[in-house]
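Good morning, colleagues. Please keep the sequence and the structure in view while I go through one residue and then one chain.

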Amino acid sequence: MSPIKFNERLSKIPEGVLHKYLELATDPSILSLSVGEPDFPTPFHIRQAAIDSIQLGKTFYTPSRGLLSLRKEISSILSRKHHLEYDPVNEIIVTVGASQALEAAFITLLNPGDEVIIITPAYITYVPIIVMCGATIVPVVTSADNGFKLTPEALNAAITDKTKLLVLNYPSNPTGGVMTHEDYEAIAKILRLKEIVVISDEIYSELTYGVTHASIAQCDGMREKTILINGFSKAYAMTGWRLGYMCSTPEIIKNISIYHSNAILCPQTISQFAGIEALKNGDEDIHHMREEYDMRRRLVIDRLNKMGLPCATPLGAFYAFPDIRSSGLSSMDFCSALLQSKKVAVIPGNAFGAAGEGYIRFSYSYSLQHIQEALDRMEAFMNELKK
Amino acid sequence: MEKILSLLRNNARLSNRELAVLLGITEEEAAAKVKALEKEGIIKGYLTVCNESKIENAPVHAMIELKVVPMKELGFQDIANRVVALEAVDSVYLMAGDYDLAVFVKGKTMQEVATFVAKRLATLDSVLSTNTHFILNKYKEDGIILEDGSTQDIRSTLKSE
């Protein structure tokens, strides 16, 4: 029998650094700072809403775009929190996590040869899916000097005739960088004149510290060109529920819906009922979790800087992205050595693209005690390096 | 509850400097806040939570339900004062329900606790009855899970399940 011929694009997915690193970090006694999900349990009233839906037998398919009642709540929270108006009937699709929203958007919009601008260091899953669509990645490098923001100059330099999509992810995983409304206005000025669709992955929108979350869709003329993606995982500590959503114009949503409805039929019904409860009554939970993250953030930044790992103050998400170049080691070597000598796992920055070389990603979605212990070990590691 | 208080209730060993960083205030401000809480009598002390099953000759603990006759005007205060004064007593709570005072007691042996109840507690004026429950094992104390290796972080367990 001849060997199976897989989709040729699979082999074009760049080999992930993360994969290599995680193979090293399998010892269960390792103190990990590598996880990208909240450490809080899903608030109980949200879990209860799911239990109720099971007990009442509400376990059938829903419309493929999701329960209208959930879409109405999504519409209302976007209006209330971000002053964005989306019609629940024809401008919102509920998805299986923000990940599926991304996948559906890429598949629906991309043709082979199209160029997609991504802001690096970038979240790990964008590249593989874009590559599977046969499109070309155009990375824009951002730097710690300006808080990892996308500048109009860098955007201009990346745009060509083939540019189809711009993928934004602020607050950013892995850098914790945010964009303000003014930052977006400068970008919008360029984009208004172009036929480029913006995918704005705002999954960390609820986790900003001392700044208000801004969306490019708030800029004049940009709502029509933007697919806003968000979800429940980070805001409500609901990672395993796999629930997200996407909002855009009726035309874009109608086209994405053609693929989406066939790909998944509908998002998980039980999770959708939990989602309604989260949006209706979850503000206090968000507030509480954000306060906890904020305290940890201050501790982490303070100590990383003191131990000789300069770190731009992240204004969003739950990651610190310190510069480790003073160690004289590459990101991978730094992480391997830290793992070996101190059993602390952080993610090498170049797992998020070449632009992340010289950095590490430190997740502070762990208890204070856990973080303190990890910081103590990292400090000892740094002191040994200096000797 | 004030944030500084909930931080200290989770970890009383946080230094003023750490408290300051966590709360985004100066070290002096943190020190002053802690001082004030102590002075106001809100912070009453700092203890260590132990897993006694690992300590040799750890004390025996019991919870005693005390039924008492409240005294005119003084109510339960008088008897509570008398119970509080006893050295073997760790905690005393006034309860709603079938009995009046929950008294947590420790001793070297079960015999010692039994003698204490019979001779010191039951004989107090106004005590109507005692009902002693010996504590066999402690799983969680003041929010801390005592068993080693048990984690409140379910994330890692799910990934290897």
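By contact I mean heavy atoms within 4.5 Å. This is a predicted model, in which local features need pLDDT of at least 70, side-chain atom pairs count only at pLDDT 80 or more, and totals for chains, interfaces and linings use all residues. Residues are numbered from 1 along each chain as its sequence is written, chains are lettered from A and ligands numbered from 1 in the order in which they are written, and side-chain values use heavy atoms, with hydrogens and water left out.

I begin with A:Gly349. Leaving aside neighbours within four places in sequence, A:Gly349 is in contact with A:Phe321, A:Ser331, A:Gly356, A:Glu357, A:Tyr359 and A:Ile360. A:Gly349 has a relative accessible area of 0% and is buried (under 20%; exposed is over 50%, partly exposed in between, with a 1.4 Å probe and protein chains only).

I turn now to chain B. Chain B has six helices and six strands, where helices (H or I, at least four residues) and strands (E, at least two) are DSSP runs, numbered from the N terminus. The order from the N terminus is α-α-α-β-α-β-β-α-β-β-β-α. The radius of gyration of chain B, taken over C-alpha atoms, is 20 Å, well over the 15 Å from the globule rule for 161 residues, so chain B is more spread out than a compact globule. That rule is 2.2 Å times the number of residues to the power 0.38. Of the 161 residues in chain B, 29% are buried.
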